[in-house]
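Please walk through this protein model from its overall dimensions to its charged side chains and its surface. The terms are given with their cut-offs where they come up.

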Amino acid sequence: MLAQTGEDTLAPGLTRLADDLTTGRWHTRYAELLTLDTIDVGYRLLVSDL
């Protein structure tokens, strides 16, 4: 099974991210992330040859 996300699904979030980056809102909200050496956000890639 292959999971895909269409451009229409991503567009609103990417627009908000672009606005947050342009206005500095992202940095205000998440500045502490920039101080971390590593971060585990829980993403995993599983590959199977079934």
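Predicted model: local features only at pLDDT ≥ 70, side-chain atom pairs only at ≥ 80, totals over all residues.

Residues are numbered from 1 along each chain as its sequence is written, and side-chain values use heavy atoms, with hydrogens and water left out.

The protein contains two helices and zero strands; helices (H or I, at least four residues) and strands (E, at least two) are DSSP runs, numbered from the N terminus. Helix α1 covers residues 7-23, and α2 covers 25-30. Along its principal axes, the C-alpha trace spans about 45 × 30 × 10 Å. The radius of gyration is 16 Å, whereas a compact globule of 50 residues would have one near 10 Å. That radius is taken over C-alpha atoms, and the globule rule is 2.2 Å times the number of residues to the power 0.38.

Of the 50 residues, 2% count as buried. Buried means under 20% relative accessible area, exposed over 50%, and partly exposed in between, with a 1.4 Å probe and protein chains only. The accessible surface comes to about 5,200 Å², and carbon and sulfur atoms account for 57% of this surface. Accessible areas come from the Shrake-Rupley method with a 1.4 Å probe; for residues, only the protein chains shown count as cover.

What holds for the charges? Side chains of opposite charge can pair when their charged atoms come close. The structure holds three salt bridges, each defined as a side-chain nitrogen of Lys or Arg within 4 Å of a carboxyl oxygen of Asp or Glu. R25 pairs with D19 at 3.0 Å, N to O, and with D20 at 2.6 Å, N to O. D20 also meets R29, at 4.0 Å, N to O.

Is D20 buried or exposed? D20 counts as buried because its relative accessibility is 12%. D19 is at 37% and therefore counts as partly exposed. R25, at 31%, is partly exposed, and so is R29, at 48%.

L14 lies in helix α1 and is exposed, because its relative accessible area is 52%.

Which residues form the nonpolar patch on the surface? They are Y30, L33, L36, I39, V41 and Y43, with about 630 Å² of accessible area together. Patches are made of residues with over 30% relative accessible area and no salt bridge; like charges are joined within 9 Å, nonpolar side chains (Val, Leu, Ile, Met, Phe, Trp, Tyr) within 5 Å. L36 sits in the segment after α2 and counts as partly exposed because its relative accessibility is 42%.
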